[in-house]
Amino acid sequence: MASLAQPATRLPNSIGRLRDDQFGYDQARHLLWRAGFGGTPEQIQTLVGWGLERSVDYLVNPSRVPFDDARTGKFSSSIYREATEAERQAYRRALQERDEDTLARLRLERQRRERSDREQMREVQKWWLGRMIETPRPLEERMTLFWHGHFATSFRKVENSYHMLRQNEFFREHALGNFGDLLFGIIRDPAMLAYLDNQRSTARQPNENLARELMELFSLGEGNYTERDIKEGARALTGYSFEGNDFVFVDRNHDKGSKSILGKSGNLDGDDFVRAILESRACSRFIALKLYRHFVSDVPLAYDAVPADRRTFINRLAATMLESRYELRPVLRRLLLSEHFYHPSNMLEQIKSPVQLVVGSVRSLLTPVRDLAILNDALDLMGQSLFMPPSVKGWDGGRSWINTSTLFVRQNIMAYLLTGRLPQGYARSAETQRYDSEPLLAELAKADPAAMRDPGKVVDYLLRFTLGRMPTDARETLQGFITGHGGRITGDIITGALMLVTAMPEYQLC
Amino acid sequence: MRQFEPSAFTRRQFLWQGLTLASATAAVPAFLQSSALGLPMPVAGASAIPGVPEDHVLVVIQLSGGNDGLNTVVPFGEDAYYRARPGIAIRQEQALALQRQQGVGLHPALGGLKDLYDEGMLTIVQGVGYPNPNRSHFVSMDIWHTADTNATGEGWLGRYFDSQCCGYGKGESGTSDSTNPASQPGIAIGRTAPLAMEGRKTKPVAFETPDLFRWTGQDVHESLLAPYREVTMRTEAAGVAPENNASFLMRTALDAQINSDLIRKAVAQRPLVEYPRTQLGQQLAMIASMIRAGLKTRVYYASHGGFDTHAGQGGAQGSHARLLETYAQALRAFYRDLAAQENHGRVLTMTFSEFGRRVGQNASGGTDHGTAAPVFLAGPMVRAGLANEHPSMKNLDNGDLRYSTDFRTVYAAVLEHWLKADSKAILKGTYRPMRVIRNA
């Protein structure tokens, strides 16, 4: 607990690097949780051995890590499609003629397609959750999830599982790439175009939804554009639509008149709109702030409300982003190397999102995966249903994850992962795989074989690993639990101790 | 003691009934020992906040799937009704006639509802809907839940809670003010909380059965419960500042345990009357027990599904009739129970569905997704009777009923006249409250 025992030092606002000798167990653990989904004791020790620079470079260069990509080709691209003109005509005719047989047949057919599409969406959710659990490139998935929350799009409105999957692959492809590419791509993304109603936006009737969110939520933040920018931006985006699974530019719907957006004028199209955004001062700062909130500290989304020392650091991140022309890798690299990132006030103070909790627990405690469908249901109950963020604002995160109901779900999903005991509302399943805690304790056994017979040492080892801290009262309770069962350290006793530790309020933090 | 084997489910014992509250209260600081732990009868009109009637309770019943309004409140005076529904229409002599009303009656399975009507405890708001009706279950339900025809934003009841700053003020759990005990957040019976109750700052409690609103790990072995309560019911952590997230989490964990104990103790009471053995009956029995136990919860949510009657819905008998009967009997028992508790005057119940169904029956003896439908308001505080006109059977919109009542004018009445809240801020617009609550 070196980091916590230290006298409080001031939060450094520079982007200076952490000294190599300051990168120990707690810092490696912190890095694995924040830039990934936690790590096993062995992985933490590996990073300590590698040192700071190599550890960060491993994380920010996912493509260097071989990964036999879980294939997405098994998903169908054509379950759901818009009705063809002929089908629409047939439907209209049947309506007029009160041909109930045909109407019923058409509706049934449509319902069947919608049902298969929802089923496929559930499969895609499972696939992504499984990938996050398995990946050796954790930051790639963390950034994919970050972009999903940033460019929030929900299947509930899009109602096309394949478009949601394609968007997810797009986010992964650019996870640590260039932010400009993400913006140019998102105005062509069928799921987003459907979600923000741009597919029917025409010169005569422009829809402002995408133009507004493109600036307010995706790039500049409130207060950095005018209502006029929205109106003119919406005109620039007219005709950006899709057919089937592909983007199309519908020339006849596009407004070719002169427009003025964020100080740029001319016959602007969507790409010009994005260029104007990227040239706007507020853009790099807004994205730096969003990254800071995701990785470092849950500061307010309004830049002016951020404490001054943290604002300075965010400005330096933004400057790095501009120097690299919106390349994200150098920004994340500097962030993860910085002394600021490892400052005690930034450690053990982030509330785990439901995905971090579930994926991080499986990965760090090495529990069985058990049933992905049940894990997905638990994510839903905890407020983070993948592919279904609550609104275009994405997930609020931070304390909004926590309330009395979600806290029980959080505790109960841990009991499920550790023991197979099912959480809320399920019939008992046949799943009975035992949790094997031996690999978790291997590092302790290696370092100090005698400690394996000492409840005090085992408890301290588990607390430091799971919580990053060792609250005195909890230590006593856990030691009492073990000695109450005779003091022998068995697999079942460790499972019981972990059930208690993971129910603790502090386990929700990383 | 059994051998400690967390994975050995076959020998698992369920122990929670042996759980005593004494162990809880010992660890609970005085300010959190809500009066509800003693389960007193609430004093009518008593309120910690002047002007806010904390004793007023709203219960929402959601009929999921799209209830067929035309076969619920039957326009038997209209020939067009019988022409459109030759196989499933309710005949005039089958329908339950309503006092002082001509031309409409209730489905024969709604005897329980007719009782409430006769006792002056039921308002039937007719033709409730919204402009440009959406026929998707998801979207239309979200429109009703958000009170926004774009189906976006927080839930309308969530915004109500946010505006009251009851309970979990400032996005955080717990209260530190002993003189002004927080009211409970809304309680929904079901696996997930309905969007309607999701606020920006306030989140509802949701559980299918109260036995699951607790740590299920305790079922693995009895020796886990005591240490679990020790590690989750701590009041402070050494060296952790109160504004830190660790302290926030500890307060919420403590709250969760107290709520869990409270709710489970409340519903362990036997109801004062017999309820039908249906899911909705059991949901309402639990809600009545929580009201009787004096929980400070102002809003409860129950739901009753299966109304998506595309095929073979039947007429006076059949699947739709059974759904209606389940609803009416449960609601009837609920108000008998509340009357026996002398709490009926405190509880307004609103029933809605995401849409009605099309006027004409389809080829499968059912009905497809439609538009406007009735909303029911129950309780002795309502202006009993029919409100607004039955939607016209002649002036249809492409085979669908035209709505005559915007659902937000009903919400506005519930907010303004019952919960005494500012409906403009909550509904993000001005909706003239319907005159459906007496003495409003």
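Predicted model: local features only at pLDDT ≥ 70, side-chain atom pairs only at ≥ 80, totals over all residues.

Residues are numbered from 1 along each chain as its sequence is written, with chains lettered from A and ligands numbered from 1 in the order in which they are written.

**Exercise 1.** Work out which residues cover the two faces of strand 9 of chain B, and which strands pair with strand 9.

*Solution.* 
- Strands (E, at least two residues) are DSSP runs, numbered from the N terminus, as are helices (H or I, at least four).
- On one side sit B:Val347, B:Thr349, B:Thr351 and B:Ser353, on the other B:Leu348, B:Met350 and B:Phe352, all buried (20 or more other C-beta atoms within 10 Å of the residue's own, C-beta atoms being placed from the backbone).
- So strand 9 of chain B, with 7 of its 7 residues buried, is largely enclosed by the rest of the structure.
- Strands pair if DSSP finds at least two bridges between them.
- Strand 1 (residues 57-63) of chain B runs parallel to strand 9, joined by 7 bridges, and B:Val60 stands opposite B:Met350.
- Strand 10 (residues 373-378) of chain B pairs with strand 9 antiparallel, over 3 bridges; here B:Leu377 is the bridge partner of B:Met350.

**Exercise 2.** Find which helix of chain B gives the most to the side touching chain A.

*Solution.* 
- Start with the contacts (C-beta atoms, placed from the backbone, within 7 Å): 52 residues of chain B meet 51 of chain A.
- Next, list the elements giving two or more residues: strand 7 (205-207), helix 6 (225-232) and helix 7 (245-267) of chain B.
- Helix 7 of chain B gives the most, with 10 residues.

Conventions. Buried ≥ 20, exposed ≤ 12 C-beta atoms within 10 Å, placed from the backbone. Contact = placed C-beta atoms within 7 Å.
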